[in-house]
Amino acid sequence: MYDCEKEYKKQLAIAKEQIESYQEELITLKYSQGFSGQRESAILKKERFLAILEKELEFLRCPTREDIDYRMSIYSSSSSDFVKALEADLPFRFHGTPIYFAREIIQSREISCNQDRFGFQTSHDLSGHISVCTIENVGVSIHNYMSLTDFCMPAGCLFVLLPQQEDGVVKNFQMKKVDFAQNPEVLIAIITTPENIAQVKRWCEESGIDSNKIFDFYSFIKNPSEKVKQYILE
């Protein structure tokens with residue numbers, strides 16, 4: 001049987017050890033000799049990975065059986081539910097991300113790639129582009145990018161987008177980045193688990209994003225707001 005508390009303490013200890021290790025490696029890199037460009041690039045990457053570890057440590061918590069059951073239900077059925085529920089003729093785009101990156105997206109009111117935000121690549125995204133899925137492969141976003149099976153972390157968020165046709169062209173799982181501040185209508189919904197709803201709504205309210213766009217998976221499909229109903233098949 002899955003021991004929630006034991007797994008949480010294990011992940012907490014590992015995260016703290018990894019952070020300490022990265023901090024030591026950074027000190028060594030900063031005082032090492034060698035080609036400055038390579039050293040600076042290595043330092044930037046280490047700092048980025050350290051920042052991610054620190055974000056994960058901030059959000060780590062002991063899981064609950066209720067949350068685990070909900071997430072496993074979503075994991076097994078969400079893709080087919082979305083395909084059945086959404087208007088297939090509309091060019092929906094889906095961007096799944098861990099909870100700490102979801103907070104960054106909401107606070108900045110845009111989805112952009114690491115190349116644009118940090119000046120170097122940590123993924124295959126091109127500058128000015130973001131990774132997305134379509135309705136046909138939305139399961140990739142849900143299963144691979146939302147930390148659904150890492151039960152000691154809150155689940156991530158799925159951003160549902162409806163961009164202008166020229167901006168929503170997908171090539172190699174990428175489309176143009178989106179700016180909610182300039183084009184709030186491109187954001188249809190932010191979907192997450194019940195555990196996160198209150199927190200994500202608070203982030204949206206603080207950032208000037210319509211908090212009525214926040215849903216858990218089942219409420220998005222079965223009990224959508226008036227704004228979302230026009231995109232849901234009756």
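I started with Lys46, which forms a salt bridge with Glu25; their closest N and O atoms are 2.5 Å apart. Lys46 lies in helix H2 (residues 36-59) and Glu25 in helix H1, so this pair ties together parts that are 21 residues apart in sequence. I note here that the model is predicted.

Next I looked up how open the two partners are. Lys46 has 24% relative accessibility and counts as partly exposed. Glu25 has 31% and is also partly exposed.

I then asked how many salt bridges there are in the model. The count comes to 9.

I moved on to Glu5. Its side chain meets that of Lys9 in a salt bridge, at 3.2 Å from N to O. What separates Glu5 and Lys9 along the helix? They sit 4 residues apart in helix H1 (residues 4-30), which means about one helical turn lies between them. Glu5 is at 45% relative accessibility, so I put it down as partly exposed.

Then I went to helix H9 (residues 226-229). There I found Lys229 and Glu226, whose side chains meet in a salt bridge at 3.1 Å, N to O. The two are 3 residues apart in helix H9, so about one helical turn separates them. Is Glu226 buried or exposed? Glu226 counts as exposed, because its relative accessibility is 61% and the cut-off is over 50%. Lys229 is at 34% and counts as partly exposed.

Terms used:
Residues numbered from 1 in each chain as written. Predicted model: local features only at pLDDT ≥ 70, side-chain atom pairs only at ≥ 80, totals over all residues. Heavy atoms only, no water. Salt bridge = Lys/Arg side-chain N within 4 Å of Asp/Glu carboxyl O. Buried < 20%, exposed > 50% of the residue type's maximum accessible area, 1.4 Å probe, protein only.
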